[in-house]
Amino acid sequence: MSEVKFARVAVPVPLFGLFDYSLEKHQQSVSPGCRVEVSFGRKSLTGLVMETSQTSQLPANKIKAIDRVIDETPVLPGAQLKLLQWAADYYHHPIGEVLFTALPNLLKQGQSTQVRGEIIWQLTETGRLLDPSELKRAVKQSGLLKLLQQMNGIISAEHLNAVIENWRPAMQGLEAKQLVISKEGPCLDIRSTEAIPAPPLNDEQLQAVTDVSASLGQFKPFLLQGITGSGKTEVYLALVEKIIKQGEQVLVLVPEISLTPQLIQRFKQRLGVPVAALHSGLNDRQRLCAWTLASENKVQVVIGTRSALFTPLPNLKLIIIDEEHDNSLKQQEGFRYHARDLALVLARNTDIPVLLGSATPSLETLNNALKQQYHYLKLTRRASNAKPPKIELLNICNRPVEHGISDILLSRIKQHLEQQGQVLLFLNRRGYAPLLMCHDCGWTTECPRCDAHMTLHHHNKRLQCHHCGHERQAPSVCPECGHEELFSPGAGTERIEQALTECLPDVSISRIDRDTTRRKGELNDKLAKAHSGESQILIGTQMLAKGHDFPNVTLVGILNTDQGLFSADFRGTEHMAQLIIQVAGRAGRAEKPGEVLIQTHHPDHPLLQTLLHQGYEGFAEAALAERKMARFPPYAHLVVLRTEASRKEACMAFLNEARTRLQPLSSAAVEAYGPLPAPMEKRAGRYRAQLILQSEQRKDLHQLLRQWIPGLGKQKTANRVRWSLDIDPQDMY
Ligand code: ADP
Ligand code: ZN
Ligand code: ZN
């Protein structure tokens, strides 16, 4: 065998292609997937070896030597490299950036894969026995001691950060009194516990478990469709249990895990084995720790958001994607990938099944299931004998609506409260009102930087743009005409809360949105009170729509449906339907039957009618037929070239040049639309425009892209705009 002399290295720069470096004799055992330190331009960068070779195309005097080989064994094993290479090709994104999106931060920075444990605090014997009330003069210390005693005597800084603000001085106090000691703990809480036994599965659940089990060891996608509460999670758990018994690994992808701590808790409790939860709340060290433990098969269950897909799992036997329709599976900036779609690629490459679960599958997935490309599994009943909720449209045309709540809805809220029910009100809009307006001249609170109104926030009397963050004091008289009567049409969660507090003073009301859960621990507190039933009315945004299980909720009110009925985005109605079904699923999960009221001015709207009478599947069938007519996904494939610049003309010039370059390359199979202004043309002070490509065959589209994209950066109009490509866009914003 002749000597390996060169390494092709991916570096984290926005350039396509790999870069050749020469290897010294002692470096020649380096294998693909290992990190190296190289000089690039005038910088020293961490790169990743993709290939080694005996030859290089470059002239010898142009080739630099590798400065240092960092890893002896690959940080990205073959399966991951192959997946990421595929992704770089498919999303037409520079491989270096793709690889470095996948790696934990500390590995990007060239640090060792060995991780140190974090500092934990442990109760001493005295601390264990001391009654916290004896520390009554040090309230914070007393609270900490109590918490530690509840937590089995051990707590980490991370956990403390999440639940208590400024806890360190109190902890130092406890340490000084020798009630606690600090020491280095494991890098992740991976204690095993006793497993809680599973309920016996019903026929449909068993069928699902049997079918997926029978496919272990081969590539096969499954769609598990079941309404909220139908027992999908129990199906996942049964499968995971089976796989970990055989010493193998499972990956579970979920949307926005930080909002669903209960799910992780449920997995831990039911399985009794360590579960690595990868979410945005982890610090760099914990993330690396989870990565390392998973890649060494020391944890068998990894639950995480989209980027968890890139964790090396040598014994991976199944991928589960919960809420597969959720938009957060798609990364919307930088390397724009869809974790669901890439999960299928990984599964195909490694011969394992994928289980996609949802109450409201995306139309893409549903179409695949209907075409029998995916095996279609259904759970049609609620598992725990709970009846499905009754959905009703509340026609509010010509009815009194005060602060966003109609008289009929208010009376139904009172009814449910009288019967000890809990009420959940869903409203897709935070703040007090979406704008402020002059009664005399019609002046409105337009954002100076966006094509949007600034939202009124009542508690601090401020106007805030929810698109760019621009803020100012709310005026008390019209800045245009000086008129003193300003009014605020429409309602957000803050207004609903205020109105209900006024008319139901004895009821405990809890608002859960980004504004009320900014501080540490607030969300968990509010969720706990929601679960226990202590909060009688819950008012919330999307934060409440997903994943939570509030067993006492008997009435769900959906307040501003109408907004979503007339969306400019072709996926608007799909998202609206999904949201309604998801929110509705929060009602009546336990013994008490649930009721869902949808407040609307358009009770005859076909979307609402179909959803009401034929359910999500009926809606989906109609929506798919529309997509087919309009040649939208899943019947055609889209690519968006987006631009933004401080001048509109710069965007247009760039897109026009791009379009002109397209003409000689283009075949009849690909159509181009635009350049067109983006639906929100101005945002954060910059103009935005886009060019859309559409084709029925992916192959035609990608063939064209391969010839077209490399020239985009070289266009003479390119330096005046920021541009980006979005393959299979989810939002046409
Ligand atoms: P989903 O994930 O579809 O929303 P879950 O798996 O969370 O549904 O199940 C809803 C509730 O029903 C949970 O409280 C769960 O413990 C319970 N449950 C699920 N399957 C069964 C079963 N076979 N027997 C009894 N209870 C079940
Ligand atoms: Zn005015
Ligand atoms: Zn703005």
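Modeller: Let us begin with Cys-465, which counts as buried because its relative accessibility is 1%; buried means under 20% relative accessible area, exposed over 50% and partly exposed in between, with a 1.4 Å probe and protein chains only. This is a predicted model, in which local features need pLDDT of at least 70, side-chain atom pairs count only at pLDDT 80 or more, and totals for chains, interfaces and linings use all residues. Residues are numbered from 1 along each chain as its sequence is written, chains are lettered from A and ligands numbered from 1 in the order in which they are written, and side-chain values use heavy atoms, without hydrogens and water.

Biologist: Which residues are the protein donors of the zinc ion (ligand 3)?

Modeller: Donors are N, O and S atoms within 2.8 Å of the metal (3.2 Å for Na, K and Ca); water is not among the atoms, so sites may look incomplete. Here the SG atoms of Cys-447, Cys-450, Cys-465 and Cys-468 lie 2.3 to 2.4 Å from the zinc ion (ligand 3). Along the sequence these donor residues follow the spacing C-x2-C-x14-C-x2-C.

Biologist: What is the geometry of the site of the zinc ion (ligand 3)?

Modeller: Ideal angles for four tetrahedral donors are 109.5 degrees. Four donors count as tetrahedral if all angles lie between 85 and 135 degrees. The four donor atoms of the zinc ion (ligand 3) make angles of 106 to 114 degrees, and the site is tetrahedral.

Biologist: Where does Gln-464 lie, and which side chain does a polar contact join to that of Gln-464?

Modeller: Strands (E, at least two residues) and helices (H or I, at least four) are DSSP runs, numbered from the N terminus. Gln-464 belongs to strand β23 (residues 462–464). A polar contact is a pair of N or O atoms within 3.5 Å; within protein, one must be able to donate a hydrogen and the other to accept it, and residues adjacent in sequence count only if both atoms are side-chain atoms. The side chains of Gln-464 and His-466 are joined by such a contact of 3.3 Å.

Biologist: Is Arg-340 buried or exposed?

Modeller: Arg-340, in helix α12 (residues 339–350), is buried, since its relative accessible area is 5%. Its side chain makes a polar contact of 2.9 Å with that of Glu-324.

Conventions
Four donors count as tetrahedral if all angles lie between 85 and 135 degrees; four count as square planar and six as octahedral if opposite donors are over 155 degrees apart and all others between 65 and 115; anything else is irregular.
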